[in-house]
Amino acid sequence: MGRASFEYDEVGNTFYYVLVAFYAIILFPATYLCLPGASKPEPEHVINEHECQCDGCDKKRRQKAANKPWRRTKKIITIVVLVVAWAIFAIIVKKTTEIEQTHKDYDPYQILGLDQGADEKAIKKAWRDMSKIHHPDRGGDAQFFDKIAKAHQALTDKEARENWEKYGNPDGPTATTFGIALPKWLVSKEYGLWVLAFYGLIFMIILPVSVGMWWYSSIKYSADKVLLDTTRMYYYFINRTPRMEIGRMIAVLSGSFEFSKQYNKEIQERETDDYEVPRLMKQIAGVNDKGKEQPLSQPYALKSRVLLHAYLSRLPLESQNDALEEDQSYIITRILRFVEEMVNCSQNLMNYSQHTKISIETFDNLLKLQPMFVQALWQKNSPLLQLPHITDYNLQHLRKKRVFSCHDLAVMDAETRRSVLRSLSNEEYRDVMVVLSMMPRLQIETKTVVEGEDDKHELTAGCVVTLKVTMRRSRLIDPQEAGLADQYKKYAEDGGDDELEASEAPEEAAATVEEEEVKKRKPWEKNKPKQKKKKAQGQGQKKFVKKNAPASPDTEKALKEEAKVLREEIWTIFAKKIS
């Protein structure tokens, strides 16, 4: 019975086939993922009227545009790398196709110089003629003579012929040979030591060091990419102060170790902080350096707390080379993650700790922190200040009209709204309308049921209650109602409002295009003598389908009260379950 034998590929043919296979497995998906798609060229220095043009939004757009050269460079480098990779693949494929086939089937007819199916007489004649020439006694090659004799035997001997026809060899089954797809020089004495050193470098030095560095850095962070030391600090202060106010929460957040240079190498400590931070601190009430709690009294924590208070108070930062603005931006971009971590810590303490009772006010304050940092406003400030160009001077006039929220401003009549904001220019008023049209209006419906029961809407003591919450989102103000016809068209192209009906699509879209072709005055502009043009504008606007009036303030207040009562009931159920 034949045995299997293994041998290295001395010629290197098998190695090219394996290399092409593995190279293609990597190259094809990499090309699909990394090949940059076709993108439309964006014009530079062109004002997009569909976006807010206030200073803050303009600054954000400029910062975003500053990264575009790097994106273009990255795109070019990606294309170059892909071209080089495909060129290497083409070279390997060409080399593989040029490999000569060294394996040949055993053919005794070819050895004797006969045609396939020659008769026995022709075989014997060819054997005699070639034996006279290649016999070793007559100066012939012994190896070739043995080859001739074997071919003659394979064609004349019955058993040898059966073996040849069955196994491809007159001697019967032979050992199966497997070629290892590595050149033989890799294990030769000349290069064996270098190959062994290479394997040792990869598997004994580089790989363990890489895994160790990854593990050492990963064990310092939680699943939410927050330092475990920071999480422990949150647990300590929440356990120490179960009923925590917003000011105390900001102080705890400022002590996060991510803001310390000892834990985070991205933090920059400057000599100018010694006089710039105290100067800014004098403008903020309730923040001082007299505390002794650790780490809240550390310089990094004090600086972070001052910058957070300045951000919420919207104080201008005066620093050399805008250093404080960079530090403030770094803190604000990460603060929401830490607020979420504080919420998780509070929930864990409430669920698993029998000694710490977290009050509902603490959770309520934690949930208030997120919109505060998003809007850059204190809880006591008017939510109208998150709109562009709105100042305390405008708030005085808005309060006289009993406008206290963005919703109240959105439901006002267009002419009344423009008259109240008459101190704003047409461009500034348009920015206010653009931002209002991007704000959401949420309608929340709650339902409590007992799954698997016939009377599922009746709640009894000890039953498992399922709370179903339905939330509908729409725009706070429709762009068309705000006088933003082009903005209305843009939103329709992006997918339309959640409240838009399917019947509005073709006819109303054509009306919008027709209105844009003719220059129209905005509703807030002063009246001009051309009354006919104004009438045409009014007729054009009637082609739009009118929307239902938004929810009244009383309805919104009732929803808030219902949500508050429901939240208190949920916490009460959880507290009873734990106790």
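How many helices and strands does the secondary structure of the chain come to? The chain has 22 helices and four strands, where helices (H or I, at least four residues) and strands (E, at least two) are DSSP runs, numbered from the N terminus. The model is predicted, so local features need a pLDDT of at least 70 and side-chain atom pairs count only at pLDDT 80 or more, while totals for chains, interfaces and linings use all residues. Residues are numbered from 1 along each chain as its sequence is written, and side-chain values use heavy atoms, with hydrogens and water left out.

Of the 579 residues of the chain, 32% count as buried. Buried means under 20% relative accessible area, exposed means over 50%, and partly exposed is in between (1.4 Å probe, protein chains only). The chain exposes about 39500 Å², and carbon and sulfur atoms supply 55% of that area. Accessible areas come from the Shrake-Rupley method with a 1.4 Å probe; for residues, only the protein chains shown count as cover. A contact means heavy atoms within 4.5 Å. Among contacts between residues at least 6 apart in sequence, 65% join residues at least 24 apart.

The UniProt record, an unreviewed entry, places the annotation "transmembrane region" on residues 15–35, 76–93 and 191–216. UniProt positions are given in the numbering used here, feature names are shortened, and annotations may be inferred rather than shown by experiment. In the model, residues 15–35 are 95% helix and 0% strand, with end C-alpha atoms 29 Å apart. Residues 191–216 are 96% helix and 0% strand, and there the end C-alpha atoms are 36 Å apart.

Helix H9 can be followed in more detail. H9 covers residues 228–240, which is 13 residues, and reaches 18 Å from its first C-alpha to its last, close to the 18 Å expected at 1.5 Å a residue. The expected span of a helix is 1.5 Å times one less than its number of residues. Which residues of H9 are buried? They are Thr-230, Thr-231, Met-233, Tyr-234, Phe-237 and Ile-238. These residues cover an arc of only 160° around the axis, which puts them on the same side of H9; the arc is that of the directions from the helix axis to the C-beta atoms. They pack against helix H10 (246–254) and helix H13 (323–352).

An α-helix has 3.6 residues a turn, so residues three or four places apart point the same way. Asp-229 is partly exposed, with a relative accessible area of 32%.

A search of the whole structure finds 13 salt bridges. Another of them joins Lys-125 and Asp-129, at 3.3 Å from N to O. Both residues lie in helix H5 (residues 120–134), four residues apart, about one turn of the helix. Lys-125 is partly exposed at 48% relative accessibility, and Asp-129 is partly exposed at 33%.

What do the side chains of Glu-293 and Arg-248 meet in? They form a salt bridge of 2.7 Å, N to O. Glu-293 lies in the loop between helix H11 (273–281) and helix H12 (299–313), whereas Arg-248 lies in helix H10, so the pair ties together parts that are 45 residues apart in sequence. Glu-293 is partly exposed at 24% relative accessibility, and Arg-248 is partly exposed at 22%. Elsewhere, Arg-270, Asp-273, Lys-303, Glu-326 and Asp-327 are linked in a network of salt bridges.

The last topic is the backbone. Most residues other than glycine have a negative phi, and most peptide bonds are trans. The peptide bond from Gln-294 to Pro-295 is cis, with omega near 0°, and Pro-295 is found in the loop between H11 and H12. Asn-321, which is not a glycine, has a positive phi of about 60°. Asn-321 lies in the loop between H12 and H13 and is exposed, with a relative accessible area of 65%. Arg-402, also not a glycine, has a positive phi of about 60°. Arg-402 sits in the loop between helix H15 (392–400) and helix H16 (406–410), where Arg-402 is exposed with a relative accessible area of 64%.

Notes:
A salt bridge is a side-chain nitrogen of Lys or Arg within 4 Å of a carboxyl oxygen of Asp or Glu.
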